[in-house]
Amino acid sequence: MKKVLGILGFLVAHTSIVVAQEHIQFQNIEFAQAKEKAVLENKLIFLDGFTSWCAPCKWMEGHVFNQKKIADYFNSRFINVKYDCEVGEGIGIAKLYQIKSFPTYLFLDGAGTMVYRTQSKMEADLFLKEAEKANNIDYQIPNLKTQYLEGNRDAKFLVRYILVMANVDQFLTEKAKKSLDSVANESFLHSPEGWETIKIMAKNSEDKYGRYFQNNKSYFRTIAAKEDFEQKESQLLRYAMYGYIRDKQTEKFRNGLAYFQKSNDPQMKIETAMFQAEWAGTNESAKEFIKVTNRLRKGVLKNEDEKLSFIA
């Protein structure tokens, strides 16, 4: 019996170790101790700033932090700590690093200097890419700030600077955007390098980069990867659709709807249904709205509780 219990105990302990290894191992230590360990082990600190009520924080715990590829990378490369930003030491940390939305993820050196910053719920692959950027000197905040102050205004550098600083300092980000606008002239945008800039910077059809893409689609179709081109085209059209709905531009809305309806992507079909519901709710009678949404809730939105709740 003792032998059996011993074996069971070993198996339970072994299973616990395996499970633990497949999750980011957050160390229950004070911030000062984390900085000391970072210096001793020559690693960056990964700091998860969360709150007890934050649903995206809990989602990350249950869907991303427990993936093996994430655990392997973070446990081998960082000193991992997490602090509730409304409790104890976390309050001071939140104030020091201006953590105002949750989750916020900081990558710090042993002196506590912020090397990289990101935030929000994200899928595992993107989260891993963010961590890799934290370990890449080309994306580290102190290096980017130094280069910018020394006068680097190369377009590729400015795009990288803007992407990183958008999570750090909005004022500096806006200044850099103005610098990029002056560098990214028509001859630059009409090039493979310009396309790389447009891919990142075009947010809607009304900004400089979105407009240039819309006006030069035939050119970009010849130089861009098909998937990248379609992703940018659909992103800009999504934004435009809400304008068509708001301004009751029937023909443009129908053309946009036809574009999305061609897709075989299940998520795109859901998005198309939501456009239809939004149009009916904004521009049609109550009777027509009920007719449209009844059809959608029995069809493509049947299992989409969150979307149905929004419609209701």
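Residues are classed as buried at under 20% relative accessible area, as exposed at over 50% and as partly exposed in between, with a 1.4 Å probe and protein chains only. The model is predicted, so local features need pLDDT of at least 70 and side-chain atom pairs count only at pLDDT 80 or more, whereas totals for chains, interfaces and linings use all residues. Numbering starts from 1 along each chain as its sequence is written, and side-chain values use heavy atoms, without hydrogens and water.

With a disulfide defined as a pair of cysteine sulfur atoms within 2.5 Å, the count is 1 disulfide. Cys54 and Cys57 form this link, with their sulfur atoms 2.2 Å apart. The link is right-handed, with 85° about the S-S bond. Cys54 is buried at 1% relative accessibility, and Cys57 is buried at 7%. Cys85 is in no disulfide, and the nearest cysteine sulfur, that of Cys57, lies 8.5 Å away. Cys85 is also buried, with a relative accessible area of 8%.

Helices (H or I, at least four residues) and strands (E, at least two) are DSSP runs, numbered from the N terminus. In helix H6 (residues 124-134), the buried residues include Phe127, Leu128 and Ala131. Down the axis of H6, the buried residues fall within an arc of 155° (directions from the helix axis to the C-beta atoms), so they line one face of the helix. Contacts (heavy atoms within 4.5 Å) link the buried residues of H6 to elements including strand S1 (44-50) and helix H3 (55-63).

Arg160 is located in helix H8 (residues 155-165). Beyond residues up to four places away in sequence, Arg160 touches Asp138, Tyr139 and Leu144.
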